[in-house]
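Q: Please take a close look at a single part of this model. A connected account of how that part is arranged would be welcome.

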Amino acid sequence: MDRNTALGEFLRSRRARITPRQAGLSDDGGSRRVPGLRREEVAQLAGVSVDYYVRLERGRRLNVSETVLDAISRALRLDPVERTHLFQLAKPTAGRPRRTATRPQPVRPGLRDLLRILDHTPALVLGRRLDVLASNQMARALLTDFDALPHRERNLVRFMFCDETARSLYTHWDTHAQDIVASLRRDAGRHPHDPLLAELVGELTITDEDFRRWWADQNVYRHTHGSKHFHHPIVGPLTLNYESLTLPADPDQRLSVYTAEASSSSEEALRLLAAWIRQPETSHGPHADHETPAGPRGAVGDSGCVPRAGMGVMERRQTLGPTAGVPKPSSRETNRD
């Protein structure tokens with residue numbers, strides 16, 4: 001993931017989305033050959049020479065100042081997350097690039113304790129690449145049984161694009177999947193020498209058309225708070241609010257907690273989900289049906305993204321009832337490193 005190339009692609013994508021009218025310029029009566037703004041128009045709006053901006057957009061590393069980056073950010077109308085991403089691409093940390101370790105990222109003990117306390121609502125700890133570092137039972141019951149997966153597959157991006165149940169679990173799958181891709185793009189700007197991130201992006205770019213298209217959009221996103229709509233196979237529809245709390249002492253770990261509005265049907269659905277978790281295990285065991293069949297898109301090789309059935313709940317059920325054949329989430333409170 002070369003920063004020079006990434007910088008140029010990001011700048012081109014941002015100016016392509018802004019119309020001359022939005023920038024306060026004339027639109028030439030529709031005679032433009034490129035979408036959005038021309039390079040010289042961005043240079044004019046930012047108050048830099050055309051040659052300087054062209055070299056910057058072509059990925060030629062320049063000793064660009066923060067003042068110039070601020071001006072370009074304003075010209076391209078970047079939001080705060082995009083502005084930070086631009087700075088990370090244009091002004092990388094000085095010194096020799098460091099490759100991110102390929103071993104599982106350790107979880108802070110305090111976060112494990114928080115997950116044990118938050119036993120009434122879904123909660124999980126996310127790390128680099130949106131790896132799921134730890135999760136409580138409610139999160140595994142809501143999404144999938146991350147504990148039952150190999151470390152390599154404990155990842156929200158892989159879940160979103162490689163688990164065939166994700167598309168039916170998320171009511172607005174397209175919207176959430178695009179946000180996931182944009183969040184991974186932000187991670188790529190922060191950790192350009194992460195080999196596992198490069199492997200993940202390369203794999204999904206080859207195997208998934210949606211991921212490939214959205215990755216090329218160059219959008220960046222930071223999950224902070226919001227709401228998600230689910231259609232869960234056990235308890236039905238839920239609307240859950242989430243808060244994503246980044247640790248001040250470790251910006252590569254964040255705690256995501258899902259809650260339901262008080263006295264709502266979603267709160268009742270969470271209570272039903274908790275009751276289902278507490279039911280005695282069926283004769284099939286907690287991880288029944290953990291086979292990995294080829295999904296509708298087919299397998300792409302041992303190292304590829306193979307669509308698979310969900311590891312947490314496999315039958316689509318609308319109400320809390322008999323659960324024979326439906327595997328429950330692991331009884332472990334958090335993932336093991």
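A: Contact here means heavy atoms within 4.5 Å. Of the contacts in the protein with a separation of 6 or more, 65% join residues 24 or more positions apart. The model is predicted, so local features need pLDDT of at least 70 and side-chain atom pairs pLDDT 80 or more, whereas totals for chains, interfaces and linings use all residues. Residues are numbered from 1 along each chain as its sequence is written, and side-chain values use heavy atoms, leaving out hydrogens and water.

The protein has 13 helices and 5 strands, which are DSSP runs numbered from the N terminus (helices H or I, at least four residues; strands E, at least two). The part considered here is the pair formed by helix H11 (residues 195-207) and helix H12 (residues 209-216). The axes of H11 and H12 lie 6 Å apart, and the two helices pack at an angle of about 120°; axes are lines fitted to C-alpha atoms over the stretch in contact, and angles run from 0 to 180 degrees between N-to-C directions. H11 and H12 are therefore oblique to each other, a class left for angles that are not under 35 degrees (roughly parallel), over 145 (roughly antiparallel) or 65 to 115 (roughly perpendicular).

From H11, the residues Val201, Leu204, Thr205, Ile206 and Thr207 meet Glu209, Phe211, Arg212 and Trp215 of H12. By class, this contact of H11 with H12 comprises 5 nonpolar, 2 polar and 2 charged residues.

Methods
Ala, Val, Leu, Ile, Met, Phe, Trp, Tyr, Cys and Pro count as nonpolar, Asp, Glu, Lys and Arg as charged, and the others, Gly among them, as polar.
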